Each structure stands twice: as C-alpha cells, then as structure tokens.
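Here is a friendly walk through one protein chain, feature by feature. Keep the viewer open as you read, and turn the view whenever a new element comes up.

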Amino acid sequence: MNNTILDINSLCAGYEQEDILKEISLKIDEQSFIGIIGPNGSGKSTFMQVIARSLSFRNGEVVLLGNSLESYSFRDFGKHVGYVPQECEIKFRYPVYEVVMMGRNPHIDRFQSPSQEDHDAVRRALLVTGTDSLADRPVTELSGGERQRVMIARVLAQDPILLLLDEPFAHIDIHHQYELIRIIRETSRDKRAVIGIFHDINLAAAYCDQIVLMYEGRVRAYGKPEEVLTTELIHEVFKIQPVIDINPATGTPYMYVEEEWKKSDIHKPRIHLISGGGTGSYLISLLSRSGYPLSCGVLGENDSDCLMARKYDIPTLAEPPFSRISLEMEEKLTKLIQKADFVIVTSMPVGWGNYPNIRILEQIDPKKIICILPSSGPYLPDFTGGVATDTIKRLLSSGAQMVSGPGELLKIIQSKDYSNDTMQ
Ligand SMILES: Nc1ncnc2c1ncn2[C@@H]1O[C@H](COP(=O)(O)OP(=O)(O)OP(=O)(O)O)[C@@H](O)[C@H]1O
C-alpha cells in the first residue's frame, strides 16, 4: 500500500481578513502526480504557497509524512519539499551551475563544500532538463523558458519527497514541455509525489494520475482525469461548453471547446443520419462539431454509432439490440426524415429488422438523400435478399447522390449553408 505524503484537513488560508482557501481537505499518497487546475483566482497558487510554507494558514491542519508542517525546521523542510513558484526572479548574475547547486543547500552542512554527491545531483539535473549547455551562463541573461528549465533543474537537484510546481511550463516550448513532464512524472514514482498547477488541462489529463479541480477557493472535484474532466464540471467551473473526447495517443480525456460558429449567424441545414456498426461515428463527430443540427437512427442501443451520438447529445432513435424496428419507431423516423434537409445513409449491414431505415427513404424527395457507400459491388451487405440494395439503386437512379467520403459530403451540405440575413 502506498504511504500518505500529505494529509490536509479543513485548511483555511488567505492574505488579509478574508479566507481565500475554504475548508480544503486532500490526501496525497506517494507515487502520485497530481495536477491542480482551475480558473484564474480560484486559489491554486495560494494553496501551493501554504504547502510550501510561504504563506501561513489560519485553520485546519497540514500533515507532511506524519508530522505537522510547522514541526519541521526549515532545513529539514527543504530536504522534504521542493517548490518552484510561478515567478522566480534571480537578480544576481549567478552562473546557472551555482543556481542549480542552491537546490542542494538543505543537504550541505553549514561551512562545508558541496560533496561529490551534490555535484553529481546537479549535473544530472542539468542534463535531464537540457540546461547543461547553459551551466556557465549568468542566469540573468537567460530567456524566460531557459530560466524556467533552470528552476526545474534546481528543484530536481534538491531531490525532495514532495515537489511543488506552480505553472512549471508557462514559458517552456512544446518540445521541452513533453521532455520535462515525463521526467517530472518519473520523479513522482519513487516514493515521492509531485503537485503541479496547470492551465493546459489536456497536458494534465495525459500525464497526471489525479486532478484537483479548484473553484472559488474550494476543491470542487478530486479524482482520476476521467472522473474530473466531465462536461458538467468543466462547464460549471470554466463557463465554457467543452467537448470531452479521448486522446488517441494516451487514452486519457481530451478536451476542446465547441467552435464559435455555434454563435454565428450561419444557418445550417438539418441532417438525419442512417448508419450503424461504427460506419457513422466519424460523421457524427464531424457534423456535430461543425454545428449541423443532426439526428440519428434507428440504431441498436449498443451500437457504437448510438454511443457516439449520445456522447454528443444528438437526438437518436434506438431499439434494443437485434430487435426489429417497431411501427412506433418507424413513425418517429418518418417525422425526423421529413424535417431533415439531408438524409445521409452510410454503408451498413441491412437485415429485415432494420430494413424500415431504408424503405422509408422511398417516401421523401430523393434529392435529399446522400449515400456514402462503396463505389463498386453491392451497395450494402444486404440480408434482405437484395431488396435493400434494389431500394438504394432505385433512389440513386432517381436523384439521390452518392459520395465517396466525408469531404465530398461536406461540400454538398455546405452549399446549403446560408446566413440568417438571407432567411429574412
Ligand atoms: N498577495 C496577495 N494579496 C492579496 N490577495 C491576493 C494575493 N495573492 C493572490 N490574492 C488573491 O487571492 C485569490 C486567489 O489567487 P491565486 O493566485 O491563488 O489564484 P490562482 O488560482 O493561482 O490564479 P491564476 O490561475 O491566475 O494563477 C485571488 O482573488 C487573488 O486576487
């Protein structure tokens, strides 16, 4: 079982009369990389300053490795906790090597010179942060990103049990961000813990084990990235309308914001999608993100297209798996199809149970129908004895369009986009 490194109970702290941090309770175990996220002013840096003993707290308790925070001598505290604040200005022209060596101070006895171990720790830290080539340069002459990397090198050389990083990558280029976050994550593994404040939520979600979501001085949520990065919580706290997707590289939540077109004056044609078995998933995501009013179905409840449509909150008709489309559902489908400006049909197996999806198309203007189907061979794997294929062929010969992919499809649909001005 992992030991607890930090145990915080009902912590209250602030700068003047008013409490900024209100009743914060958190437990952080070893081998964890914790990412703190939250809007500006939510108290992230204040919280970190309290843990770093840069700011005293008024109420509650903070226990570090079983002992209260205040019980540590500053020297002992420095052996256990390393802190890189948001802004870290060094006024003197110290060479980078010496700045990184300052991280070793808690380990070096007064009046003693640094040992071989201290020099080794500094060299290692310079190397992993890519600052070894800067070792002789005065720290005052570095760029913002270089200086930030030196500060991370200093705290790595310090070799603490708990690492506190306040926006560690604010000035750091993307290449070094990824290098450093891997190193920092690695550091958290060996009976240590790292707490970092991040504004890049996706980066935090990809690398942190747990996320703390702060809001108005409180911990609004604490848990695994997938538990904290939900549409509802992100909307509540950041006042944005997020789409939570999955990062294909890491399998962790990946968040983006719905695009501005939603608020624009472009009127988009209404689309109904008939698909199944994942053949429509990409289109569901694409059309929904592009702002088209979309409906889907009839689908099987467990069908991956159905799950995707639900994820995007798209009105979807669905029946239990492997059941026939009921008459009631057929009526609902008819209504949706009649309201739609376009009906898109993707390649999907057609059995008798879902044949009404196809048959119903005969009731509408074929010009509204766009098929995305293989260009040769039978149009659909057809388990209706060819009836569905015949229906599709008939529709195509009477004005339905056939496209080979989403690009071609979008071109046709976009030609129907018109601004609200022209509607008036
Ligand atoms: N030195 C200070 N004196 C008085 N109030 C302060 C001080 N530092 C911060 N505050 C206030 O405390 C609140 C929380 O600030 P804090 O810096 O902890 O927020 P944050 O979540 O880290 O924000 P950001 O994302 O902008 O860095 C804010 O309302 C801020 O104005």
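## The chain as a whole

Among contacts in the chain between residues at least 6 apart in sequence, 65% link residues at least 24 apart. Please bear in mind that this is a predicted model. The chain has 424 residues, and 37% of them count as buried. Its secondary structure comprises 16 helices and 20 strands.

Let's begin with an open sheet of four strands, ordered E2-E1-E4-E5 and paired antiparallel. Strand E2 (21–29) and strand E5 (67–68) are at the edges with a single partner strand each, so one side of each has no neighbour in the sheet. Helix H1 (residues 44–51) packs on this sheet, where it touches E1, E2 and strand E4 (59–64). The direction of H1 makes about 60 degrees with that of E2.

Strand E1 (residues 4–13) runs antiparallel to E2, and six bridges join the two. In general, strands of a sheet pair through backbone hydrogen bonds, either parallel or antiparallel.

## Around the ligand

Which residues are found around the ligand? They are Tyr 15, Ile 20, Gly 38, Asn 40, Gly 41, Ser 42, Gly 43, Lys 44, Ser 45 and Thr 46. By class, this shell divides into seven polar residues, two nonpolar and one charged.

## Two loop residues with positive phi

Arg 53 is not a glycine, yet its phi is positive, at about 65 degrees. You will find Arg 53 in the loop between H1 and E4.

With 15 C-beta neighbours inside 10 Å, Leu 65 counts as partly exposed.

## A hairpin and a cis peptide

Strand E11 (residues 242–246) and strand E12 (residues 253–257) run antiparallel and are joined by five bridges. Ile 244 stands opposite Met 255 in E12. The two strands E11 and E12 form a hairpin, with six residues between them. In the turn, Gly 251 has a positive phi of about 75 degrees.

Another backbone detail to look up is the peptide bond from Gly 297 to Val 298, which is cis, with omega near 5 degrees. Val 298 belongs to strand E15 (residues 294–300).

## Helix H14 and its buried face

Which residues of helix H14 (residues 387–397) are buried? They are Ala 388, Thr 391, Ile 392 and Leu 395. Seen down the axis of H14, these buried residues fall within an arc of 95 degrees, so they line one face of the helix. An α-helix has 3.6 residues a turn, so residues three or four places apart point the same way.

What do the buried residues of H14 pack against? Their partners are helix H13 (356–359) and strand E18 (369–372). After H14 comes Gly 399, with a positive phi near 120 degrees.

Notes: Residues numbered from 1 in each chain as written. Predicted model: local features only at pLDDT ≥ 70, side-chain atom pairs only at ≥ 80, totals over all residues. Buried ≥ 20, exposed ≤ 12 C-beta atoms within 10 Å, placed from the backbone. Arc of directions from axis to C-beta. Contact = placed C-beta atoms within 7 Å. Pairing = 2+ DSSP bridges. Axes fitted to C-alpha atoms, helices over the stretch in contact; angles between N-to-C directions. Near = placed C-beta within 6 Å. Nonpolar A, V, L, I, M, F, W, Y, C, P; charged D, E, K, R; others polar.
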